Amino acid sequence: MSRGGAGGKEVLVHQIRIAMERVGIGKAEMARRMGTSRAALERLLDPENGSIALGTLFRAAAALGSELRVELRPRRGAQRRG
């Protein structure tokens, strides 16, 4: 994910939807696997809702048999302080 905010979430939502199709599960089964409500899953899959907890993302990845990687990388051209 290279962008922050809602734009970055759009990328994640797309990846989650593609993985759900690949695994062959719908929203109800995804919510069940995550141990959450269908309403909470709808919030996760709403790219306009920029609020998302890391724990929710990790549960979504686990429900899909996937791995979630989160990393910090310096921006291109960023100068080091010191």
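Glu-67 lies in the segment that comes after α4 (54-63), where helices are DSSP runs of H or I with at least four residues, numbered from the N terminus. This is a predicted model, in which local features need pLDDT of at least 70, side-chain atom pairs count only at pLDDT 80 or more, and totals for chains, interfaces and linings use all residues. Residues are numbered from 1 along each chain as its sequence is written, and side-chain values use heavy atoms, with hydrogens and water left out.

**Segment after α4**
- Glu-67 is exposed, with a relative accessible area of 65% (exposed is over 50%, buried under 20%, partly exposed in between; 1.4 Å probe, protein chains only).
- From C-alpha to C-alpha, Glu-67 and Leu-57 are 9.8 Å apart in space, and they are 10 residues apart in sequence.
- Gly-65, which follows α4, has a positive phi near 65°.

**Faces of α4**
- Thr-56, Leu-57, Ala-60, Ala-61 and Ala-63 are the buried residues of α4.
- These residues lie on the same side of α4 because they cover an arc of only 160° around the axis, taken from the directions from the helix axis to the C-beta atoms.
- Leu-54, in helix α4, is partly exposed, at 48% relative accessible area.

**Lys-9**
- Lys-9 belongs to helix α1 (residues 5-23).
- Lys-9 is buried yet has no salt bridge (a side-chain nitrogen of Lys or Arg within 4 Å of a carboxyl oxygen of Asp or Glu).
- The nearest side chain of opposite charge to Lys-9 is Asp-46, 6.1 Å away (Lys and Arg count as positive, Asp and Glu as negative; His and the chain ends are not counted).

Terms used
Helices (H or I, at least four residues) and strands (E, at least two) are DSSP runs, numbered from the N terminus.
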